[in-house]
Amino acid sequence: MPDDKHAPEPDPDVVAGATTPAVDEDDIDDSRYVSGLPGFLGVIDVGIARIEALLLAIGVLLMAVNTMVNVVGRIIGNTLYFTEELNQALIILITFAGISYAARHGRHIRMSAFFDALSPPLRKPLMIFISVVTAAAMFLLTWYSVGYVIDQAGRGRILPAMQIPQWWIIIWAPLGFFLTGLQYALTAIKNITDENIWLSTSTLEGYEDSKEEEI
């Protein structure tokens, strides 16, 4: 039998791995988000992150509670008459808050065949160009969506169940487009001021972006 006095010393890395709880690197904790942008731009960046997280959290929680309450109501024979309309409003909220959130963490689908084939010195200006053009497109959609909301408000339509103006539930569209455009504009600034290539203000260019979040 092996002598304990002559047993090999345990590997510190192995011991640390066995005693440290596993952490999912894909989890994103926006409560600890720290912007990499300087000065006032960093304040704007953090403020957008807080708004996105708040809207998504409220939307998902309300939708879950509303659905569960309606299920219980079906069992006891007393359903909520406004459940469908409320869930529709929350889906709109989650969708347009989500596009800004996805842009912040570089989660939007990218057609990057030509981009990846370029060398880093060429990818840098291309990423700036993509960010600027995307920001301009989002701001243009913000303008058109504001016009649509104003048009709907002028018609005075009321949701039959909740008895609220219809434009109240679509006001999240221009807000979501605006926050997304602002996020891409900040991404362009991040790429101009930093030597690396950034998909967003918090995500470096590359495929293993789960390890590149700035927290």
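Is arginine 155 buried or exposed, or does arginine 155 count as partly exposed, and at what relative accessibility? At 49% relative accessibility, arginine 155 counts as partly exposed; buried means under 20% relative accessible area, exposed over 50%, and partly exposed in between, with a 1.4 Å probe and protein chains only.

1. Basis of the note. This is a predicted model, in which local features need pLDDT of at least 70 and side-chain atom pairs count only at pLDDT 80 or more, while totals for chains, interfaces and linings use all residues. Residues are numbered from 1 along each chain as its sequence is written, and side-chain values use heavy atoms, with hydrogens and water left out.

2. Overall fold. The protein has six helices and zero strands, giving the pattern α-α-α-α-α-α along the sequence. Helices (H or I, at least four residues) and strands (E, at least two) are DSSP runs, numbered from the N terminus. Of the 215 residues in the protein, 33% are buried. Contact means heavy atoms within 4.5 Å. Among contacts between residues at least 6 apart in sequence, 67% join residues at least 24 apart.

3. Accessible surface. The protein exposes about 13,500 Å², and carbon and sulfur atoms supply 68% of that area. Accessible areas come from the Shrake-Rupley method with a 1.4 Å probe; for residues, only the protein chains shown count as cover.

4. Salt bridges around arginine 104. The structure holds three salt bridges, a salt bridge being a side-chain nitrogen of Lys or Arg within 4 Å of a carboxyl oxygen of Asp or Glu. Arginine 104 pairs in this way with aspartate 45, with the closest N and O atoms 2.7 Å apart. Arginine 104 lies in helix 3 (residues 83-104) and aspartate 45 in helix 2 (residues 39-76), so the pair ties together parts that are 59 residues apart in sequence. Arginine 104 also forms a salt bridge with glutamate 52, where the closest N and O atoms are 2.9 Å apart. This pair likewise links distant parts of the chain, with arginine 104 in helix 3 and glutamate 52 in helix 2, 52 residues apart.

5. The relative accessible area of arginine 104 is 0%, and glutamate 52 counts as buried at 1% relative accessibility.

6. Arginine 155 forms a salt bridge with aspartate 151, the closest N and O atoms being 3.3 Å apart. Because the two residues are four apart in helix 5 (residues 120-155), arginine 155 and aspartate 151 are separated by about one helical turn. Aspartate 151 counts as partly exposed at 36% relative accessibility.

7. The expected span of a helix is 1.5 Å times one less than its number of residues. For the 36 residues of helix 5 this should give 52 Å, and the end C-alpha atoms are 52 Å apart, which agrees. The buried residues of helix 5 include Arg123, Lys124, Met127 and Gln152. The buried residues of this helix pack against helix 4 (113-117) and helix 6. Glycine 156 follows helix 5 and has a positive phi, near 70 degrees.

8. Aromatic pairs. Rings of Phe, Tyr and Trp (its six-membered ring) pair if their centres lie within 6.5 Å; planes under 30 degrees apart count as stacked, over 60 as edge-to-face and the rest as tilted. The count comes to three aromatic pairs. The rings of phenylalanine 96 and phenylalanine 177 have their centres 5.3 Å apart and their planes at 75 degrees, so the pair is edge-to-face. Phenylalanine 96 lies in helix 3 and phenylalanine 177 in helix 6, 81 residues apart, and both are buried. The rings of tryptophan 167 and tryptophan 168 are also edge-to-face, with centres 6.2 Å apart and planes at 85 degrees. Tryptophan 167 is partly exposed at 27% relative accessibility, as is tryptophan 168 at 44%.

9. Serine 202. This residue lies in the segment after helix 6 (172-193) and counts as buried at 1% relative accessibility. Serine 202 and leucine 37 are 165 residues apart in sequence and 9.4 Å apart in space, C-alpha to C-alpha.
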